[in-house]
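User: I'd like to learn how to read helix packing in a structure. Could you walk me through it?

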Amino acid sequence: MSLIEECSLTVNDLLLPVFVHDGEEVEEISSMPGVFRWPLRRLAEQISQWHAIGLRGFALFPKILPEFKDPLGKEILNPNSLTYRAAKLINDTGLDLVLIADLALDPYTTHGHDGVLDRNGDIDNDRTVEILAEASVLCAKVGYHWVAPSDMMDGRVGIIRESLDKASYTQVSILSYAAKFCSSYYGPFRSAIGSASPKAPKVEKGSYQLNPANRREARRELQLDRLEGADILMVKPAEPYLDIIQYAKQNLDLPIAAFQVSGEYSRICAASKLGWLNEMDCAKESLLAIKRAGADLIISYFADRMALALND
(Lines give C-alpha, C1' and ligand atoms only; values in the text may rest on other atoms or scores of the structure.)
Protein backbone atom coordinates (compact mmCIF):
# COMPACT_ATOMS: atom_id res chain seq x y z
CA MET A 1 0.00 0.00 0.00
CA SER A 2 2.77 2.46 0.87
CA LEU A 3 4.16 2.11 -2.67
CA ILE A 4 1.20 4.04 -4.10
CA GLU A 5 0.46 6.45 -1.26
CA GLU A 6 0.28 9.99 -2.61
CA CYS A 7 0.92 11.67 0.74
CA SER A 8 2.92 10.61 3.77
CA LEU A 9 3.44 12.05 7.22
CA THR A 10 6.91 12.19 8.78
CA VAL A 11 8.31 13.55 12.01
CA ASN A 12 9.96 16.31 9.97
CA ASP A 13 6.50 17.72 9.23
CA LEU A 14 5.73 18.32 12.90
CA LEU A 15 6.38 21.17 15.33
CA LEU A 16 5.43 20.88 19.00
CA PRO A 17 3.77 23.67 21.03
CA VAL A 18 5.21 23.83 24.55
CA PHE A 19 3.59 25.60 27.50
CA VAL A 20 5.90 26.95 30.20
CA HIS A 21 5.13 28.44 33.60
CA ASP A 22 6.86 29.82 36.67
CA GLY A 23 5.68 27.09 39.01
CA GLU A 24 7.69 24.21 40.42
CA GLU A 25 5.70 21.24 39.14
CA VAL A 26 4.51 19.82 35.84
CA GLU A 27 0.81 20.68 35.44
CA GLU A 28 -1.55 18.80 33.17
CA ILE A 29 -4.01 21.07 31.37
CA SER A 30 -7.47 19.73 32.20
CA SER A 31 -9.04 20.67 28.87
CA MET A 32 -6.10 19.19 26.93
CA PRO A 33 -5.40 15.69 28.25
CA GLY A 34 -1.78 14.67 27.77
CA VAL A 35 -0.57 18.28 27.41
CA PHE A 36 1.31 19.95 30.25
CA ARG A 37 2.71 23.23 31.48
CA TRP A 38 6.42 22.74 32.11
CA PRO A 39 8.38 24.44 34.90
CA LEU A 40 11.73 25.86 33.88
CA ARG A 41 13.60 23.37 36.05
CA ARG A 42 12.28 20.51 33.92
CA LEU A 43 12.25 22.22 30.54
CA ALA A 44 15.71 21.46 29.15
CA GLU A 45 15.45 17.78 30.13
CA GLN A 46 12.05 17.45 28.46
CA ILE A 47 13.15 19.21 25.28
CA SER A 48 16.09 16.80 25.10
CA GLN A 49 13.71 13.84 25.34
CA TRP A 50 11.51 15.19 22.54
CA HIS A 51 14.59 15.91 20.47
CA ALA A 52 15.70 12.29 20.91
CA ILE A 53 12.51 11.04 19.21
CA GLY A 54 13.08 13.26 16.21
CA LEU A 55 11.29 16.53 16.97
CA ARG A 56 13.32 19.55 15.91
CA GLY A 57 10.92 22.50 16.20
CA PHE A 58 9.33 23.89 19.37
CA ALA A 59 6.92 26.82 19.75
CA LEU A 60 6.92 28.25 23.29
CA PHE A 61 3.83 29.70 24.96
CA PRO A 62 4.16 31.22 28.46
CA LYS A 63 1.59 31.31 31.23
CA ILE A 64 2.32 34.61 32.90
CA LEU A 65 1.56 35.11 36.60
CA PRO A 66 -1.37 37.50 37.18
CA GLU A 67 0.78 39.97 39.09
CA PHE A 68 2.88 40.55 35.96
CA LYS A 69 -0.07 41.41 33.74
CA ASP A 70 -1.38 44.87 32.96
CA PRO A 71 -3.56 46.51 30.29
CA LEU A 72 -0.51 47.27 28.11
CA GLY A 73 1.16 43.86 28.34
CA LYS A 74 4.42 45.49 29.40
CA GLU A 75 5.85 42.21 30.69
CA ILE A 76 6.59 41.16 27.11
CA LEU A 77 9.30 43.85 27.10
CA ASN A 78 10.92 42.61 30.30
CA PRO A 79 14.20 40.87 29.28
CA ASN A 80 13.87 38.61 32.33
CA SER A 81 10.32 37.53 31.54
CA LEU A 82 9.43 33.85 31.45
CA THR A 83 9.60 33.36 27.69
CA TYR A 84 13.14 34.76 27.47
CA ARG A 85 14.44 32.73 30.41
CA ALA A 86 12.95 29.59 28.85
CA ALA A 87 14.68 30.23 25.54
CA LYS A 88 18.06 30.67 27.23
CA LEU A 89 17.67 27.36 29.07
CA ILE A 90 16.80 25.50 25.90
CA ASN A 91 19.63 27.03 23.89
CA ASP A 92 22.08 26.07 26.64
CA THR A 93 21.42 22.41 25.74
CA GLY A 94 23.32 22.92 22.49
CA LEU A 95 20.78 20.80 20.60
CA ASP A 96 20.18 21.29 16.89
CA LEU A 97 16.62 22.64 16.91
CA VAL A 98 14.41 25.53 15.91
CA LEU A 99 12.93 27.62 18.70
CA ILE A 100 9.83 29.64 17.87
CA ALA A 101 8.64 32.68 19.84
CA ASP A 102 4.98 33.61 20.05
CA LEU A 103 4.59 37.34 19.44
CA ALA A 104 1.27 38.49 20.87
CA LEU A 105 0.11 40.38 23.93
CA ASP A 106 -2.74 38.14 25.08
CA PRO A 107 -0.62 36.18 27.61
CA TYR A 108 0.48 39.50 29.14
CA THR A 109 -2.66 41.66 29.20
CA THR A 110 -5.31 41.74 31.92
CA HIS A 111 -8.05 42.11 29.29
CA GLY A 112 -6.90 39.10 27.24
CA HIS A 113 -6.66 40.85 23.89
CA ASP A 114 -3.74 40.40 21.48
CA GLY A 115 -3.17 44.15 21.42
CA VAL A 116 -3.29 47.39 23.36
CA LEU A 117 -6.69 49.02 23.78
CA ASP A 118 -7.38 52.71 23.16
CA ARG A 119 -9.67 54.96 25.24
CA ASN A 120 -12.74 53.57 23.51
CA GLY A 121 -11.79 49.96 24.18
CA ASP A 122 -10.78 49.35 20.55
CA ILE A 123 -7.51 47.80 19.46
CA ASP A 124 -4.72 50.33 18.91
CA ASN A 125 -3.10 48.62 15.94
CA ASP A 126 -0.05 50.86 15.53
CA ARG A 127 0.91 50.97 19.21
CA THR A 128 0.56 47.21 19.40
CA VAL A 129 2.84 46.72 16.40
CA GLU A 130 5.50 48.94 18.00
CA ILE A 131 5.50 46.74 21.10
CA LEU A 132 5.67 43.52 19.07
CA ALA A 133 8.55 44.82 16.98
CA GLU A 134 10.50 45.69 20.14
CA ALA A 135 9.71 42.25 21.59
CA SER A 136 10.93 40.56 18.40
CA VAL A 137 14.40 41.96 18.99
CA LEU A 138 14.38 40.69 22.58
CA CYS A 139 13.41 37.26 21.22
CA ALA A 140 16.30 37.32 18.78
CA LYS A 141 18.76 38.34 21.51
CA VAL A 142 17.96 35.28 23.64
CA GLY A 143 18.22 32.87 20.73
CA TYR A 144 14.80 32.38 19.21
CA HIS A 145 15.31 31.30 15.61
CA TRP A 146 11.83 32.24 14.38
CA VAL A 147 9.41 34.85 15.67
CA ALA A 148 5.73 34.13 15.09
CA PRO A 149 3.40 37.16 15.24
CA SER A 150 0.03 35.65 16.08
CA ASP A 151 -1.85 38.88 16.74
CA MET A 152 -3.30 39.68 13.26
CA MET A 153 -2.46 43.39 13.52
CA ASP A 154 -2.16 45.15 10.17
CA GLY A 155 1.35 45.81 8.89
CA ARG A 156 3.18 44.04 11.69
CA VAL A 157 5.26 41.69 9.54
CA GLY A 158 6.98 44.52 7.66
CA ILE A 159 7.76 46.49 10.81
CA ILE A 160 9.03 43.41 12.66
CA ARG A 161 11.28 42.56 9.70
CA GLU A 162 12.62 46.10 9.66
CA SER A 163 13.29 46.06 13.41
CA LEU A 164 15.10 42.72 13.26
CA ASP A 165 17.23 43.81 10.32
CA LYS A 166 18.17 47.13 11.97
CA ALA A 167 19.31 45.18 15.03
CA SER A 168 21.43 42.89 12.76
CA TYR A 169 19.18 39.85 13.26
CA THR A 170 18.69 39.29 9.56
CA GLN A 171 18.93 35.52 10.07
CA VAL A 172 15.86 35.39 12.34
CA SER A 173 12.85 34.22 10.33
CA ILE A 174 9.24 35.35 10.58
CA LEU A 175 6.58 32.63 10.79
CA SER A 176 3.51 34.75 10.24
CA TYR A 177 0.04 33.77 11.43
CA ALA A 178 -1.11 35.20 8.12
CA ALA A 179 -4.62 33.72 8.06
CA LYS A 180 -5.76 33.41 11.66
CA PHE A 181 -9.50 33.04 11.95
CA CYS A 182 -11.77 34.18 14.77
CA SER A 183 -12.44 30.60 15.75
CA SER A 184 -14.41 28.78 18.42
CA TYR A 185 -11.59 26.24 18.65
CA TYR A 186 -9.21 28.33 20.80
CA GLY A 187 -10.86 27.82 24.20
CA PRO A 188 -8.52 25.20 25.69
CA PHE A 189 -5.46 27.22 24.63
CA ARG A 190 -6.72 30.33 26.38
CA SER A 191 -7.12 28.32 29.56
CA ALA A 192 -3.63 26.90 29.13
CA ILE A 193 -1.95 30.31 29.01
CA GLY A 194 -4.34 31.95 31.46
CA SER A 195 -5.67 34.59 29.07
CA ALA A 196 -9.21 33.46 29.90
CA SER A 197 -9.66 34.94 33.36
CA PRO A 198 -12.45 36.33 35.56
CA LYS A 199 -11.59 39.76 34.12
CA ALA A 200 -11.69 38.43 30.56
CA PRO A 201 -14.01 35.40 30.49
CA LYS A 202 -15.01 35.90 26.84
CA VAL A 203 -12.82 38.10 24.67
CA GLU A 204 -14.28 39.08 21.30
CA LYS A 205 -11.46 39.23 18.74
CA GLY A 206 -13.54 39.53 15.59
CA SER A 207 -12.29 43.06 14.86
CA TYR A 208 -8.80 41.80 14.01
CA GLN A 209 -9.04 38.04 13.43
CA LEU A 210 -10.58 36.73 10.22
CA ASN A 211 -14.26 35.99 9.73
CA PRO A 212 -14.60 32.20 9.23
CA ALA A 213 -16.90 32.88 6.27
CA ASN A 214 -14.34 34.98 4.34
CA ARG A 215 -12.10 33.12 1.91
CA ARG A 216 -11.13 36.16 -0.19
CA GLU A 217 -10.15 38.12 2.91
CA ALA A 218 -7.87 35.25 3.97
CA ARG A 219 -6.25 35.31 0.52
CA ARG A 220 -5.53 39.03 0.85
CA GLU A 221 -3.99 38.60 4.30
CA LEU A 222 -1.72 35.82 3.04
CA GLN A 223 -0.61 37.89 0.07
CA LEU A 224 0.02 40.99 2.20
CA ASP A 225 2.20 39.14 4.70
CA ARG A 226 4.21 37.63 1.85
CA LEU A 227 4.81 41.11 0.41
CA GLU A 228 5.82 42.47 3.83
CA GLY A 229 8.60 39.90 4.16
CA ALA A 230 7.25 36.84 5.96
CA ASP A 231 9.42 33.75 5.54
CA ILE A 232 6.66 31.23 6.31
CA LEU A 233 2.90 31.73 6.11
CA MET A 234 0.56 29.99 8.53
CA VAL A 235 -3.14 29.16 8.54
CA LYS A 236 -4.88 28.73 11.92
CA PRO A 237 -6.92 26.65 12.73
CA ALA A 238 -5.95 23.90 10.32
CA GLU A 239 -8.57 21.26 9.53
CA PRO A 240 -11.60 23.61 9.33
CA TYR A 241 -9.64 25.70 6.78
CA LEU A 242 -8.11 23.12 4.44
CA ASP A 243 -9.27 25.18 1.45
CA ILE A 244 -7.20 28.13 2.67
CA ILE A 245 -4.14 25.92 3.15
CA GLN A 246 -4.60 24.56 -0.37
CA TYR A 247 -4.92 28.05 -1.83
CA ALA A 248 -1.74 29.21 -0.05
CA LYS A 249 0.23 26.19 -1.25
CA GLN A 250 -0.87 26.55 -4.86
CA ASN A 251 -0.51 30.32 -5.17
CA LEU A 252 2.23 31.57 -2.85
CA ASP A 253 5.90 30.72 -3.23
CA LEU A 254 6.69 30.36 0.47
CA PRO A 255 6.60 27.43 2.91
CA ILE A 256 3.09 26.97 4.30
CA ALA A 257 2.46 26.07 7.94
CA ALA A 258 -0.78 25.11 9.67
CA PHE A 259 -1.68 25.09 13.36
CA GLN A 260 -3.82 22.18 14.51
CA VAL A 261 -5.20 24.15 17.44
CA SER A 262 -6.22 23.19 20.95
CA GLY A 263 -9.89 22.66 20.10
CA GLU A 264 -9.00 20.36 17.21
CA TYR A 265 -6.82 18.39 19.59
CA SER A 266 -9.29 18.30 22.48
CA ARG A 267 -12.28 17.15 20.44
CA ILE A 268 -10.36 14.07 19.29
CA CYS A 269 -9.20 13.37 22.85
CA ALA A 270 -12.71 13.80 24.25
CA ALA A 271 -14.30 11.47 21.71
CA SER A 272 -11.57 8.93 22.36
CA LYS A 273 -12.11 9.14 26.12
CA LEU A 274 -15.79 8.37 25.56
CA GLY A 275 -14.86 5.35 23.45
CA TRP A 276 -16.34 6.83 20.28
CA LEU A 277 -13.09 7.23 18.30
CA ASN A 278 -9.54 5.89 18.32
CA GLU A 279 -7.36 8.81 19.35
CA MET A 280 -4.16 8.15 17.41
CA ASP A 281 -5.90 6.86 14.29
CA CYS A 282 -7.98 10.04 14.12
CA ALA A 283 -4.97 12.21 14.94
CA LYS A 284 -2.99 10.71 12.08
CA GLU A 285 -5.89 11.03 9.65
CA SER A 286 -6.39 14.66 10.62
CA LEU A 287 -2.68 15.43 10.24
CA LEU A 288 -2.59 13.65 6.87
CA ALA A 289 -5.52 15.78 5.68
CA ILE A 290 -3.65 18.94 6.67
CA LYS A 291 -0.49 17.72 4.92
CA ARG A 292 -2.46 16.65 1.83
CA ALA A 293 -4.04 20.10 1.59
CA GLY A 294 -0.55 21.56 1.26
CA ALA A 295 0.97 22.27 4.67
CA ASP A 296 4.76 21.95 4.71
CA LEU A 297 4.83 22.24 8.52
CA ILE A 298 2.17 21.41 11.10
CA ILE A 299 2.14 22.70 14.67
CA SER A 300 0.28 20.06 16.65
CA TYR A 301 -0.19 18.97 20.26
CA PHE A 302 -0.08 15.42 18.92
CA ALA A 303 3.47 15.94 17.61
CA ASP A 304 5.28 14.11 20.42
CA ARG A 305 2.98 11.05 20.41
CA MET A 306 2.84 11.02 16.63
CA ALA A 307 6.63 11.10 16.45
CA LEU A 308 6.77 7.99 18.61
CA ALA A 309 4.16 6.28 16.44
CA LEU A 310 5.95 7.15 13.24
CA ASN A 311 9.23 5.83 14.64
CA ASP A 312 7.75 2.39 15.40
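Predicted model: local features only at pLDDT ≥ 70, side-chain atom pairs only at ≥ 80, totals over all residues.

User: Let's begin with helix α2 and helix α3. At roughly what angle do their axes cross, and within what distance do they come?

Analyst: Two packed helices are described by the angle between their axes and the distance between the axes. Here the axes of α2 and α3, the latter covering residues 125–142, cross at roughly 25° and come within 9 Å. Angles under 35 degrees count as roughly parallel, and α2 and α3 are therefore roughly parallel to each other. The crossing in which α2 passes α3 is right-handed.

User: Which of the residues of α2 are buried, and what covers them?

Analyst: Leu82, Thr83, Tyr84, Ala86, Ala87 and Ile90 are the buried residues of α2. Their cover includes the helices α1 and α3, along with strands β1 (14–21), β4 (57–63) and β5 (98–103).

User: You mention α1. How is α1 placed against α2?

Analyst: Helix α1 spans residues 40–52 and helix α2 residues 82–91; they pack at about 40°, with axes 9 Å apart. That angle makes α1 oblique to α2. The α1 and α2 crossing is right-handed. On the α1 side, Leu40, Leu43, Ala44 and Ile47 take part, and they meet Leu82, Arg85, Ala86, Leu89 and Ile90 of α2. The residues of this contact comprise eight nonpolar, no polar and one charged.

User: Back to α3. How far does α3 reach, and what is expected for it?

Analyst: The check is to compare the end-to-end reach with the span expected at 1.5 Å a residue. With 18 residues, α3 reaches 26 Å from its first C-alpha to its last, close to the expected 26 Å. Helix α3 is mostly covered, with 13 of its 18 residues buried.

User: Are Ala135 and Lys141 buried or exposed?

Analyst: The idea here is to look at relative accessible area, where under 20% is buried and over 50% is exposed. Ala135, in helix α3, has a relative accessible area of 0% and is therefore buried. Leaving aside residues up to four places away in sequence, Ala135 touches Ile76, Leu77, Tyr84 and Leu103. Its C-alpha is also 10.0 Å from that of Asp102, a residue 33 places away along the chain. Lys141 likewise belongs to α3, but at 57% relative accessible area Lys141 is exposed. The C-alpha atoms of Lys141 and Ala258, 117 residues apart along the chain, are separated by 26 Å.

User: What does a roughly antiparallel pair look like, taking α8 and α9 as the case?

Analyst: Over 145 degrees, a pair counts as roughly antiparallel. Helix α8 (residues 262–273) packs against helix α9 (residues 279–293) at about 155°, with the axes 9 Å apart, and the two are therefore roughly antiparallel to each other. The α8 and α9 crossing is right-handed. Ile268, Cys269 and Ser272 of α8 meet Glu279, Cys282, Ala283 and Ser286 of α9. That contact divides into four nonpolar, two polar and one charged residue.

User: Let's finish with the backbone. Which residues have a positive phi although they are not glycine?

Analyst: Two cases are worth a look on your screen. Met152 has a positive phi of about 65° without being a glycine; Met152 sits in the loop between β6 (146–149) and α4 (156–166) and is buried, at 4% relative accessible area. Ser168, with a positive phi of about 70°, is not a glycine either. Ser168 lies in the loop between α4 and β7 (173–180) and counts as exposed at 57% relative accessibility.

User: And where is there a cis peptide bond?

Analyst: Look at the omega angle: the bond joining Lys236 and Pro237 is cis, with omega about -10°. Pro237 is in the loop between β8 (232–236) and α7 (242–251).

Notes
Residues numbered from 1 in each chain as written. Heavy atoms only, no water. Axes fitted to C-alpha atoms, helices over the stretch in contact; angles between N-to-C directions. Helix = DSSP H or I, 4+ residues; strand = E, 2+ residues; numbered from the N terminus. Parallel < 35°, antiparallel > 145°, perpendicular 65-115°, else oblique. Left-handed = near helix turned anticlockwise from the far one by under 90°. Contact = heavy atoms within 4.5 Å. Nonpolar A, V, L, I, M, F, W, Y, C, P; charged D, E, K, R; others polar. Expected span 1.5 Å × (residues − 1). Buried < 20%, exposed > 50% of the residue type's maximum accessible area, 1.4 Å probe, protein only.
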